[in-house]
Amino acid sequence: MNVALSAEDISRALTRISHEILERNHGSANVVLLGIPTRGAHLALRVAEIMAKIEGTDIPCGTLDITLHRDDLRLRPPRAIMPTLIPASGIEGRDVVLIDDVLFSGRTIRSALDALGEVGRPKTVQLAVLVDRGHRELPIKADYVGKNLPSSLDQSIRVSLTEIDGRDEVVIENRKQS
Amino acid sequence: MKHLLSIDHLTVQEAVGILDTATELSRVNDGQLKKLPTLRGRTVVNLFAEDSTRTRISFEAAAKRLSADVINFSAKGSSISKGESLKDTAMTLQAMGADAVVIRHSASGAAQRLADNQWMSGAVINAGDGTHEHPSQAILDAFTIRKHLGKGASDLQGLHVAIVGDILHSRVARSNVLLLALLGAKVTLVAPPTLLPIGIEKWPCNVTYDFDSVLPVIDAVMMLRVQQERMTELFFPNAREYSRYYGLNAERMRKLKPTALIMHPGPMNRGLEISAEVADSARSVITEQVSNGVSVRMAILYVLLAGSPLDVGSI
């Protein structure tokens with residue numbers, strides 16, 4: 001087990017991502033943050049809080065569940081559906097920033113783009129992730145990355161957040177040899 | 001969970017799981033989007049060997065909103081009316097590759113029989129079997145009650161529900177009693193002695209013959225249809241007397257708690273078990289039950305069909 005990001009690292013990364021989002025979009029006026037449950041939703045709330053402090057105004061922030069759009073539903077037992085909460089401002093014509101904890105195959109984000117298409121037509125869709133671990137299976141790239149963690153497929157990356165797991169931490173674990 | 005045959009087979013976790021899934025799916029139904037790709041390529045067969053409006057349309061709408069292919073067939077106009085057995089019908093469905101069969105049948109236990117035998121490999125959903133059970137109706141009723149009175153709780157702990165009328169012929173009553181009790185609600189059945197089934201003392205509920213006594217204490221009242229088509233003997237002297245003792249009219253409605261819900265699984269006999277004034281009042285959630293039915297049935301189809309096919313290994 002290997003700690004890749006400490007609580008301080010995570011906090012710094014989220015602060016930097018918040019600034020980058022504001023810089024790229026010339027402020028927060030048109031930005032809507034959508035977190036992908038479960039951990040992405042909490043990260044989105046944190047980024048919204050940091051951005052609100054910088055800008056002095058509330059940032060629309062919601063969640064987007066992708067379960068119903070997954071392409072691997074038939075490969076696993078049924079999953080629980082998590083809430084989708086679109087902010088009152090809607091996403092029509094907005095700059096939507098999707099937020100997730102780990103970017104891996106890219107399939108989650110593909111599902112998220114499909115789910116988003118059902119809700120409306122944003123002006124742009126951007127992607128922020130805490131960790132990019134590589135091994136993409138689809139042509140998808142993050143706009144904002146907390147940390148690039150090149151990893152082997154034998155390893156798993158575990159993101160813990162205070163809201164769910166009681167502490168902030170990203171660790172790399174070697175899967176048990178079978 | 002492979003089939004939905006009876007509330008008796010459900011655990012609290014499974015029941016709450018379906019309700020939670022339905023809650024999320026109802027948000028989908030409220031919004032702009034009506035269609036999800038989740039069950040694309042799956043086939044759902046509606047096998048209705050008994051008349052139905054709501055349940056069949058509701059299952060059809062639910063399956064279509066999840067992008068499943070729907071095949072409807074009813075007894076009239078199919079080979080069932082030529083005397084084809086359930087077994088042969090089931091084997092035909094299997095040959096056509098049905099992933100799920102929604103079955104309504106006048107014989108109690110028809111869905112169970114379909115599931116127990118190896119005639120077909122798909123999921124079986126009981127949409128009402130004789131006077132036995134109607135689980136999806138009970139789940140949508142529980143969903144409606146939880147939405148209005150649940151106060152954020154996942155179950156129905158502490159609520160008191162009265163089910164009034166023709167308990168004897170009602171599959172809705174049996175499924176509802178089992179599910180409401182499973183979710184922690186207190187249930188009181190109200191009916192004349194002639195319309196209560198034998199063995200009622202073993203059901204997890206109270207029984208009374210006096211409707212007026214429960215009015216001030218209940219949180220929801222569920223009126224049942226007097227099922228004249230199943231009544232082969234005389235169960236009450238006449239409709240007016242039944243209506244006077246067991247009908248929900250405006251006067252009785254005034255004795256209810258101001259927050260109490262008025263429910264009816266439909267179709268209603270207006271003027272018999274429920275007066276038109278009550279059915280159309282602001283406190284009645286009867287049409288909302290119908291729209292909740294679609295969300296709940298989407299949840300049932302999702303839970304049974306969205307995951308890995310269970311017969312993968314046997315192909």
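User: What is the strand order in the open sheet of 5 strands in chain B, and is the pairing parallel or antiparallel?

Analyst: In this predicted model, the five-stranded open sheet of chain B has the order 7-6-5-8-9, and its strands pair in the parallel sense.

User: Which strands stand at the edges?

Analyst: The edges are taken by strand 7 (206-208) and strand 9 (261-263) of chain B, and each has a single partner strand, so one side of each is left without a neighbour in the sheet. On average, neighbouring strands of this sheet are turned by 20° against each other, with direction ignored.

User: How many bridges link strand 8 and strand 9 of chain B?

Analyst: Strand 8 (residues 220-223) of chain B and strand 9 of chain B are joined in the parallel sense over 3 bridges, and within this part of the sheet B:Ala220 stands opposite B:Leu261, which belongs to strand 9 of chain B.

User: Which strands does helix 6 of chain B lie across?

Analyst: Helix 6 (residues 171-182) of chain B lies across strand 5 (160-164), strand 6 (186-190) and strand 8 of chain B, and the helix runs at about 170° to strand 5 of chain B.

User: Switching to helix 5 of chain B, what span does it reach?

Analyst: Helix 5 (residues 135-149) of chain B has 15 residues and reaches 21 Å from its first C-alpha to its last, which is close to the 21 Å expected at 1.5 Å a residue. After helix 5 of chain B comes B:Lys151, whose phi is positive, near 50°.

User: Why is helix 5 of chain B described as largely enclosed?

Analyst: Of the 15 residues in helix 5 of chain B, 12 are buried, so the helix is largely enclosed by the rest of the structure. Among the buried residues are B:Ala138, B:Ile139, B:Leu140 and B:Phe143, and the list also includes B:Asp141 and B:Arg146.

User: Zooming out, what domains does chain B have?

Analyst: The domain assignment of chain B gives domain 1, made of 7-133 + 291-314, and domain 2, made of 135-289. The C-alpha centres of these two domains of chain B lie 26 Å apart.

User: How many residues are in contact between domain 1 and domain 2 of chain B?

Analyst: There are 24 residues of domain 1 of chain B in contact with 23 residues of domain 2 of chain B. On the side of domain 1 that touches domain 2, helix 1 (12-30), strand 4 (123-129) and helix 11 (286-305) of chain B each supply at least two residues, and the residues of that side divide into 11 nonpolar, 8 polar and 5 charged.

User: And where does chain B touch chain A; which elements give two or more residues?

Analyst: Here 16 residues of chain B are in contact with 14 residues of chain A, and the elements of chain B that give two or more residues to this side are helix 1 and helix 11. Helix 1 of chain B gives the most, with 6 residues, and the residues on the side of chain B that touches chain A divide into 8 nonpolar, 5 polar and 3 charged.

User: Last one: what about the open sheet in chain A, what order do its 3 strands have?

Analyst: The 3 strands of this sheet in chain A come in the order 1-8-7, and their pairing is antiparallel. Strand 1 (2-5) and strand 7 (155-160) of chain A are the edge strands, each pairing on one side only, and the twist averages 30° from one strand to the next. Strand 7 of chain A pairs with strand 8 (residues 169-174) of chain A over 6 bridges, and A:Val159 has A:Val170 in strand 8 of chain A as its bridge partner.

How values were computed. Residues are numbered from 1 along each chain as its sequence is written. Chains are lettered from A and ligands numbered from 1 in the order in which they are written. This is a predicted model: local features need pLDDT of at least 70, side-chain atom pairs count only at pLDDT 80 or more; totals for chains, interfaces and linings use all residues. Domain bounds come from an automatic or database domain assignment. Two residues are in contact if their C-beta atoms, placed from the backbone, lie within 7 Å. Helices (H or I, at least four residues) and strands (E, at least two) are DSSP runs, numbered from the N terminus. Ala, Val, Leu, Ile, Met, Phe, Trp, Tyr, Cys and Pro count as nonpolar, Asp, Glu, Lys and Arg as charged, and the others, Gly among them, as polar. Two strands pair if DSSP finds at least two bridges between them. Axes are lines fitted to C-alpha atoms, for helices over the stretch in contact, and angles run from 0 to 180 degrees between N-to-C directions. The expected span of a helix is 1.5 Å times one less than its number of residues. A residue is buried if 20 or more other C-beta atoms lie within 10 Å of its own, exposed if 12 or fewer, and partly exposed in between; C-beta atoms are placed from the backbone.
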